[in-house]
Amino acid sequence: MSDLIKITGLSAKGFHGVLESEKRHGQKFIVDVEMSMSFANLKDDVNKTVNYAQVAQLIHDQITGKPVELIETLAENIARTLLREFKKVKEVTVIVHKPKAPISLRFTDVSVEITRKR
């Protein structure tokens with residue numbers, strides 16, 4: 001059985017997208033992340049878990065960092081970074097939301113979701 005740490009709704013301005021206007025003007029991206037690990041035997045010691053402030057900063061750095069064309073790639077980069085930096089995480093699910101995607105029809109959100117395991 002796994003335990004979860006979740007961060008939802010982390011947002012920042014990024015310059016990801018296929019269109020030149022997206023790369024030039026940027027837009028808000030929102031990321032939700034769910035990390036699976038074991039909380040057994042933590043003994044109230046932060047060093048035996050994952051510091052979610054550090055997780056949030058890494059996600060923010062990916063959103064605001066080097067632009068990519070696809071939000072699928074952004075999600076993959078976030079998942080890969082979290083698994084590399086936090087060895088206690090066994091599995092990570094990342095959802096990247098692009099609420100202002102260039103779609104000419106009315107919509108609420110566009111998102112991609114990926115799950116990666118060790």
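Reader: Of the 28 residues in the largest nonpolar core, which touch the most other members?

Author: In soluble globular proteins, nonpolar side chains tend to be buried together. In this predicted model, the residues with the most contacts to other core members are Val33, Val55, Val92, Val94 and Val96. A nonpolar core here is a set of buried Ala, Val, Leu, Ile, Met, Phe, Trp, Tyr and Cys residues joined through side-chain atoms within 4.5 Å; buried means under 20% relative accessible area, with a 1.4 Å probe and protein chains only.

Reader: On what basis are such values computed?

Author: Residues are numbered from 1 along each chain as its sequence is written, and side-chain values use heavy atoms, with hydrogens and water left out. Since the model is predicted, local features need pLDDT of at least 70 and side-chain atom pairs count only at pLDDT 80 or more, while totals for chains, interfaces and linings use all residues.

Reader: What does Valine 92 touch, leaving aside residues up to four places away in sequence?

Author: Contact means heavy atoms within 4.5 Å. On that basis, Valine 92 touches Val33, Glu34, Met35, Ala79, Leu82, Leu83, Ile114, Thr115 and Arg116.

Reader: How is the packing of α2 and α3 to be read?

Author: Two packed helices are described by the angle between their axes and the distance between the axes. Helix α2 (residues 52–64) and helix α3 (residues 71–85) pack at about 145°, and their axes are 10 Å apart. Axes are lines fitted to C-alpha atoms, for helices over the stretch in contact, and angles run from 0 to 180 degrees between N-to-C directions. In this contact, Val55, Leu58, Ile59, Gln62 and Ile63 of α2 meet Leu74, Asn77, Ile78, Thr81, Leu82 and Glu85 of α3.

Reader: In what order do the four strands form the sheet?

Author: Strands of a sheet pair through backbone hydrogen bonds, either parallel or antiparallel. Here the open sheet has the order β1-β2-β3-β4, with antiparallel pairing; two strands pair if DSSP finds at least two bridges between them. The edge strands, β1 and β4, each pair on one side only. Between β1 and β2 there are 10 bridges, and lysine 13 has lysine 28 in β2 as its bridge partner. Helix α2 lies across β1 and β2, at about 35° to β1.

Conventions:
Helices (H or I, at least four residues) and strands (E, at least two) are DSSP runs, numbered from the N terminus. Buried means under 20% relative accessible area, exposed over 50%, partly exposed in between (1.4 Å probe, protein chains only).
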